Amino acid sequence: MRRWLLLWGLLLCGMGTGQLARAQEVVQVCPSNGIQPRPADFQPSGLILTTFDGLSLWVYHIQQGNRYPLPDTNPCGAHCHPSLDRMWITWLDTVNGNTYTKMRFDGTLRTPLVNGANEVQWWDASTFAVWTVDQRLYLLPEADLTMSPDYLDAQGVISLQPRGYYAVVTKPDGAGGFTRQLEDLRVRGLSGIAGYTPMAIGTDEKYYNNLGWSPNGLTLAYVQKLPLDAITAYPYASELFLTQPDQATAPRQLTQLGAVYGATRINGYTVGDLSWSPDGTQIAFWVIEVLGSGVESNLGQARIHLVDVNTGQTRAYCGYATDEHTPTTPRLVWSPDGTHLAFGGNVPNDNKGYLLLVLNVASGQITEMSDGIYPTYGAPNVISWGLAP
């Protein structure tokens, strides 16, 4: 309410046409009937992985409306990665020798992949990107898991392009901080490469360094901190930018959150949890208003936002907001068909603890699927949403 009164005040004071157009790009999606219980015929179907205790991975089976732990597993946070077809997921099997393994979302067909790895995720449909415990990086074809590694130069790399060789790299800026840039690992460190220059994408600053690659790997979305024109206690807004490194085009600002909210923060300090829809047309994220002089205290509530990557139109969802957003925000996980978002949340005054909630991105309706999510690693995170075998 405070922010909408401010917008009307700006209008009365003669806001320019361009400013008004930007402010109107955030569409409020506010269903009137609140969070609803799960109906018997809820769609879409599938299996949602999360944790209902601190000991195991759990499956919530949507069609059956029940949940069960997966034996001989352990919570994995953001280190479980779904395949592109949402039929498999990678996870670290600590019961059987610290082996990265793939399995179906129901825990069946467990297949060992790599020993002694720190992270294993799909690079394309038949190849894994493997990070070793000493932070080396190589690509591993699923058809030849015994292949000798051909290591890429991963110095400073924090994110590798799916299906490609560009990577987000952090480097010291010479003044005690760090900068981010996109580098082509195929030519990294070579001099005299005609027409190749690493692309700068802003500073690597806590709470302003989130990013995420589109599913096809062509586009990188990243957060950048921009100064506000208005005088506020914290005169910076958090905005999303897009770039396509293979096209060598300049980054494009996607959001105009500062024009609507003033000082803002996108998500928490976890790098890599901007959530792209499966078809690569939308990005989901949390927006928090900064009400004081910093980004860790005196903040507004976090609300889910969705931006169309082609038009820049941004939708804000009113059905749920949370004060539990620092240092991290709950992960937003897409359904395989791209119609819903799953997340964990604690609804005030309902005495149920953390709930497994699902948002219909078209209507804004939120459905309570189950109570009892356990906040493993400090947050009630949903891990992934896959398809039943």
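# Briefing: core, hairpin, disulfides and backbone features

R163 has a relative accessible area of 46% and is therefore partly exposed. This arginine belongs to a predicted model, in which R163 sits in the loop between β13 (157-160) and β14. Although R163 is not a glycine, its phi is positive, at about 60 degrees.

**Nonpolar cores**

- The largest nonpolar core comprises 46 residues, and those touching the most other members are L240, L274, I283, F285, I304, L341 and F343.
- Strand β23 (residues 282-290) supplies the largest share of this core, with 7 residues.
- Beyond its neighbours within four places in sequence, I283 makes contact with A221, L240, L242, L254, L274, S275, W276, H305, L306, V307 and V309.
- Another core, of 15 residues, lies apart from the largest one; among its members are Y60, V333, V358 and M369.
- In soluble globular proteins, nonpolar side chains tend to be buried together.

- Strand β10 (residues 117-124) is largely enclosed by the rest of the structure, because 6 of its 8 residues are buried.
- β10 runs antiparallel to strand β11 (residues 127-132), and 6 bridges join the two.
- The two strands, β10 and β11, form a hairpin, with 2 residues between them.
- A117 has T132 of β11 as its bridge partner.

**Disulfides**

- The structure contains 2 disulfides.
- One of them is formed by C30 and C318, whose sulfur atoms are 1.9 Å apart.
- This pair links distant parts of the chain, 288 residues apart: C30 lies in the loop between β1 (26-29) and β2 (36-37), and C318 lies in strand β25 (residues 314-322).
- C30 counts as partly exposed because its relative accessibility is 44%.
- C318 likewise counts as partly exposed, with a relative accessibility of 33%.
- A disulfide also joins C76 to C80, with an S to S distance of 1.8 Å.
- Both C76 and C80 are buried.
- The torsion about the S-S bond of C76 and C80 is about -125 degrees, so this disulfide is left-handed.
- When the bonded cysteines of the protein chain are numbered in sequence order, the pairing reads 1-4, 2-3.

**T170 in strand β14**

- T170 is located in strand β14 (residues 166-172).
- Its relative accessibility of 19% falls under the 20% limit, so T170 counts as buried.
- Residues up to four places away in sequence aside, T170 touches G156, I158, T179, R180 and D204.

**Cis peptide bonds**

- Q43 and P44 are joined by a cis peptide bond, with omega at about 5 degrees.
- P44 lies in the loop between β2 and β3 (47-50).
- T326 and P327 are also joined by a cis peptide bond, with omega at about 10 degrees.
- P327 is placed in the loop between β25 and β26 (333-334).

**Positive phi at R86**

- R86 has a positive phi of about 60 degrees, although R86 is not a glycine.
- The loop between β6 (81-82) and β7 (88-93) holds R86.
- R86 counts as buried because its relative accessibility is 15%, whereas R163, at 46%, counts as partly exposed.

Conventions:
Residues are numbered from 1 along each chain as its sequence is written. This is a predicted model: local features need pLDDT of at least 70, side-chain atom pairs count only at pLDDT 80 or more; totals for chains, interfaces and linings use all residues. Side-chain values use heavy atoms; hydrogens and water are left out. A nonpolar core is a set of buried Ala, Val, Leu, Ile, Met, Phe, Trp, Tyr and Cys residues joined through side-chain atoms within 4.5 Å. Buried means under 20% relative accessible area, exposed over 50%, partly exposed in between (1.4 Å probe, protein chains only). Helices (H or I, at least four residues) and strands (E, at least two) are DSSP runs, numbered from the N terminus. Contact means heavy atoms within 4.5 Å. Two strands pair if DSSP finds at least two bridges between them. A disulfide is a pair of cysteine sulfur atoms within 2.5 Å.
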